[in-house]
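Welcome, and thanks for taking a look at this one with us. Please have the sequence and the 3D view open while you read the notes below.

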Amino acid sequence: MADTSHQTEKHVEDQIDAYALGILEDEAAAEVERHLEHCNQCQRALRQAREVTSMLSLAPKQVAPPLHLKQRILSRIAQEEGQRRPETRTSAAPERRTHAEPDESTPPDIAIQLPDAPSTRRGWKRWVDRMVSGRSTAPAAVGPQGTSPTPTGEHLETILRLLHSPHAAMWELAGTPEAPRAHARLLGSPEERTAILLVQGLEPLPPGRDYQLWFLREGKPVGSAIFDVRQNGQGQLMVRAPRQLAHYDLAAITPEPAGGSPGPTGPIVIAGELKAA
Amino acid sequence: MGSERLANQEIEDTFLVQRVANGDSSALEKLYDRYGQAVYSLALRIVREPGTAEDLTQEVFVRLWRYAGTYDSTRGRFSGWLLGITRNLALNEVRRWQSRPQKADLVTDDDERAYELVDESADSAEAAWLNIRREAIVQAMRQLPAPQRRAIELAFFGGLTHLEIANLLGDPLGTIKSRIRIGMQRLKQLLLAQGIEAD
């Protein structure tokens, strides 16, 4: 993919816009494609040109489609789905993990609820001190599927390690239009798999539903913690990613059936980038 | 606000497409609510006939239903992918009608009204976000010199090659190539100036 072996070949940047518009004659288009196979510079130029052509698609005066069109499409889909069942869609459902990488095929974690966990790094230190000395008076919250809410020594060690790590980072995750008042913070280190998730402003879910955290790399999600929030919309929990956090570029939360899903099925309520600290 | 909204929108789109690939018709419905108008409007702009635009819009979403699993988010935005399918289907339809669209069909959007910023009844955050992007490209197109804008329109909405545009407008081939290249570069600059990243 490097340019070095083809340095003598002329770049095709002056034809990239026409190529992105799809108006080059066949021979010229083939020449551009041959060059693109090994030229990162022209590939970048093509991405930029395609962004413009994508925007051009929005330029026409917007006209609302007829109201009946949506139902017409959904009816057609239902008809098609009925014809294809059961050999395609139903059998395809268990394959939702096809996007997951091999070492990410384990069932998602059930989150460990951390009672009354604070929302700042300083507050965490005070909280850890209380937990270590056994002076916590927080009532025991019940985690999903009966998970004990009491942090174990391992969890406390993780928190302590994060608090003292020079690489620790606090990532901000924002509520989407599905949950505009929600937001979350993820305290962790890019070099570690474990992190602490602090959630606020989420609606408690009805029985039979849980929130699920997803880590995404290049748009492909892998499931992580499953949890619910308290009546006040808050949740604090320890989560574990299949790989180091630096491996992922995004984190997102969706509501799912109780126990979580192998792939996301609900709308994203919170999401944010995991930029390098 | 733009980049954060954009990132959230793209993540949501990716999740919705995956749900469609898993056979979830409610996700398809949501994507229709989000992009149905943009698909229909682009189809209508190219084929100029509401009934055909309606048929094409249905075909686009049926194809989305069938082939959602082939969408690769690392290769570009979902909206670009979906509208690219729309444009290809619409141009193919036009080519099927006639060997090439007639001049009268293609130049009518030289009229400023083609770029009116009408009230698009943005009743959702997603629609508002699309309107922001549309406003950016409309403003950028308005700032192009008319000959550059016309050449780009004929290429994009007419699907004409350099040579066909040159013959249609009676201008030298080199002039048409320059107009399109310079016009596209100018669009990139104008979009960037409005905070729309072109990469």
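What is the mean pLDDT of chain B, and what percentage of its residues reach 70 or more? This is a predicted model, and the mean for chain B is 81, with 78% of the residues at 70 or more. For the complex, the predictor reports an ipTM of 0.84 and a pTM of 0.57.

**Confidence along chain B**

- Helix α7(B) has the highest confidence in chain B, at a mean of 94.
- At the other end of the scale is helix α5 (residues 103-106) of chain B, where the mean is lowest, at 42.
- Residues 99-113 of chain B stay under 50 in pLDDT, and the model gives this stretch 13 contacts beyond four places in sequence.
- Residues 116-123 of chain B are also below 50, with 11 contacts in the model beyond near neighbours in sequence.

**The fold of chain B**

- Chain B has 9 helices and 0 strands, so please read its pattern along the sequence as α-α-α-α-α-α-α-α-α.
- Of its 199 residues, 44% count as buried.
- When contacts in chain B between residues at least 6 apart in sequence are considered, 65% of them join residues at least 24 apart.

**Where chain B meets chain A**

- The contact draws on 65 residues of chain B and 53 residues of chain A.
- On the chain B side, the elements giving two or more residues are α1 (2-21), α2 (25-47), α3 (50-67), α4 (78-97), α6 (125-143), α7 (146-156) and α9 (173-193).
- Helix α2(B) supplies the largest share of that side, with 12 residues.
- Sorted by class, the side of chain B that touches chain A holds 29 nonpolar, 19 polar and 17 charged residues.

**One helix pair across the contact**

- Helix α3 (residues 40-56) of chain A packs with α9(B) at an angle of about 80°, and their axes are 10 Å apart.
- The two helices, α3(A) and α9(B), are therefore roughly perpendicular to each other.
- From α3(A), the residues that make this contact are A:Gln48, A:Ala49, A:Val52 and A:Met55.
- Helix α9(B) contributes B:Met184, B:Leu187, B:Lys188 and B:Leu191 to the contact.
- By class, the contact between α3(A) and α9(B) comprises 6 nonpolar, 1 polar and 1 charged residues.

Conventions:
Residues are numbered from 1 along each chain as its sequence is written. Chains are lettered from A and ligands numbered from 1 in the order in which they are written. This is a predicted model: local features need pLDDT of at least 70, side-chain atom pairs count only at pLDDT 80 or more; totals for chains, interfaces and linings use all residues. Two residues are in contact if their C-beta atoms, placed from the backbone, lie within 7 Å. Helices (H or I, at least four residues) and strands (E, at least two) are DSSP runs, numbered from the N terminus. Ala, Val, Leu, Ile, Met, Phe, Trp, Tyr, Cys and Pro count as nonpolar, Asp, Glu, Lys and Arg as charged, and the others, Gly among them, as polar. A residue is buried if 20 or more other C-beta atoms lie within 10 Å of its own, exposed if 12 or fewer, and partly exposed in between; C-beta atoms are placed from the backbone. Axes are lines fitted to C-alpha atoms, for helices over the stretch in contact, and angles run from 0 to 180 degrees between N-to-C directions. Angles under 35 degrees count as roughly parallel, over 145 as roughly antiparallel, 65 to 115 as roughly perpendicular and the rest as oblique. pLDDT is the predictor's confidence in each residue, from 0 to 100.
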